[in-house]
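User: I would like to learn how to read some features of a protein model, going step by step. Could we look at the structure together and begin with its strands?

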Amino acid sequence: MKNSNHSPSIDPISIKAVAGVQISPSPAKTSQSIPIKQIPVGPKPVNNKIHIREQKGYFQRLRTSLNSLLIAAFFLLPLIQYQGRQAVLFDLNEQQFYFFGTTLWPQDFPLLAWIFITAAFLLFFITAFLGRVWCGYLCPQTAWTFIFVWIENRIEGGHNKRRILDKSPWNRDKIIKRTSKHLLWGLIALLTGSGFIAYFVPATSVYPQIFGFTASPMLTAWVWFFAICTYINAAWMREMVCLHLCPYARFQSAMFDANTITVAYEPSRGESRGPRKRKQATELGDCVDCNLCVDVCPTGIDIRNGLQYECINCGACVDACNQTMDKFGYAPNLIGYRSENHLKGQSNKPLTSLKFLGYGIATMVMLSVICMDIYLKKDIQLNVIRDRQSLYRETLDDKIENSYTLKVRNKTQSEKHYRLSLSGDRPYSLQKNVDLKIKAGEQLTYPITVYSQANGAIDKGTPDVHQVKAGMARIVFQLRDTQDPSNQISQDSNFFTP
Ligand code: SF4
Ligand code: SF4
């Protein structure tokens, strides 16, 4: 164990030594310069490919459980039926989005936009508190990459065997292993492509059509497009997506502050690092330089070099290092989830962090707006369009008539009966009662004519008659669900008279 006189050597700035670049501060300036520590880059992956070492441990169990939940939800959600139809379906043909009995129409897309914006702020809030846990534990890119790596491990063996296989010539064993691996990867990719399309085309028809080779060219093309994207992402690009394509990786550090909990190495405890035998007394720090934390890292970085944007907070290095600490009888969490404050020996106070509070408040406000919007959302949609051909017509029996077109949409998933009533500045009447029967999710266009007595002919005892005046009057159209009177909607329009 490190003795008590050991003084930690934490350099304020660490710079990775990059091949071809020499860091040679001028001797004259050395005394005034910030000390520079050159960190050797680890062994270069064969063909620049990272062979991830499989790791077990608490955080890997947590990650696997969350990834499994995510993947199960992805495949099972489209298979759930609710009220006689697919519970979650973006029906592009009908321009409707079904979600467990609620139907969203193109007019409701502001609500969807609010939901996405709120989800983004929730992600920022979680990032300000727990760093990139989304990337490590719930991002589909990570989840699918780990499935592909798991298959690779089962077929080709551990990371060292895979390295050897990479370099070995193409013999029977290599051909069988590689073919099996790619076939299985292809199958998972095809299932993923079909699973994704099942959110847009009923799942009960997608799977039989794709795997029965009876799908239309359009459906086949879309499924294969997403299958190929999955294959390229999870089989070939893997960490490249996180390092070079994902915009979130680039700006997530803007949400970090000293309270943000990320995976970090404790240099004051680990340095000076170096190998030793178990139970051997040593002046060195707790890091035995086993390199396990690098071997298990899906992005191939060495977390001992400090916080890096490549780190997806997956915790694999925490489990690996804890395994080593356990073997050597050292305290756990040389690498662990901790904040900059923890590393400085201070306590974490996220409630004093402006970013944490700001994102939290913004998320709560947006969630309230969405709840209010959903609460006030009507199951009926009514549009009243005035006849633009004539303002009014006078009838022989001393009445004024105005024509309108009602566009009524039943936004529920069951047939509804609605009754129309009129109110406003004048007494209004219809030729007959208007009862509308509208099927689930359908829109009805219904022309109507509204009558009102001519101004001079209105009975003086009529309520609100004092408001009757020539020109334009207010008219209110109200539709009420006959089975559920609380389900109603009204819209104002104008009634014109001479
Ligand atoms: S450094 Fe650790 S937490 Fe970060 S990506 Fe690598 S293994 Fe995961
Ligand atoms: S796993 Fe732990 S002990 Fe091994 S090299 Fe990494 S930090 Fe050092």
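User: In the hairpin of E6 and E7, which residue takes a positive phi?

Analyst: Helices (H or I, at least four residues) and strands (E, at least two) are DSSP runs, numbered from the N terminus, and two strands pair if DSSP finds at least two bridges between them. In this predicted model, the hairpin of E6 and E7 has two residues between its strands, and Phe-100 takes a positive phi near 45° there. Strand E6 (residues 96–99) and strand E7 (residues 102–104) pair in the antiparallel sense over three bridges, with Thr-102 in E7 as the bridge partner of Phe-99. E6 also pairs in the antiparallel sense with strand E5 (residues 88–91), over four bridges, and Val-88 stands opposite Phe-99. E5 and E6 form a hairpin with four residues between them, where Gln-95 in the turn has a positive phi of about 55°.

User: How should I understand the numbering and the limits of such a model?

Analyst: Residues are numbered from 1 along each chain as its sequence is written, while chains are lettered from A and ligands numbered from 1 in the order in which they are written. Because this is a predicted model, local features need pLDDT of at least 70 and side-chain atom pairs count only at pLDDT 80 or more, whereas totals for chains, interfaces and linings use all residues; side-chain values use heavy atoms, with hydrogens and water left out.

User: How many aromatic pairs does the structure hold, and how is such a pair described?

Analyst: A pair of aromatic rings is described by the distance of the centres and the angle of the planes. Rings of Phe, Tyr and Trp (its six-membered ring) pair if their centres lie within 6.5 Å, and planes under 30 degrees apart count as stacked, over 60 as edge-to-face and the rest as tilted. The structure holds 26 aromatic pairs. One of them, formed by Phe-90 and Phe-97, is stacked, with 4.1 Å centre to centre and 10° between the planes. The pair of Trp-222 and Phe-225 is edge-to-face, at 5.9 Å centre to centre and 90° between the planes. Trp-222 and Phe-225 both lie in helix H9 (residues 217–237), three residues apart, which is about one turn of the helix.

User: Are Phe-90 and Phe-97 buried or exposed?

Analyst: Buried means under 20% relative accessible area, exposed over 50%, and partly exposed in between (1.4 Å probe, protein chains only). Phe-97 has 8% relative accessibility and so counts as buried, whereas Phe-90, at 25%, counts as partly exposed. In the other pair, Trp-222 is partly exposed because its relative accessibility is 42%, and Phe-225 is partly exposed at 45%.

User: Which residues are the closest to ligand 1?

Analyst: A residue is near a molecule if one of its heavy atoms lies within 4 Å of it. Ligand 1 is surrounded by 13 residues, of which Cys-297, Cys-311, Ile-312, Cys-314 and Cys-317 are the closest. Cys-317 is also one of the residues that touch the most other members in the largest nonpolar core, which has 34 residues; such a core is a set of buried Ala, Val, Leu, Ile, Met, Phe, Trp, Tyr and Cys residues joined through side-chain atoms within 4.5 Å. The largest share of this core, seven residues, comes from H14.
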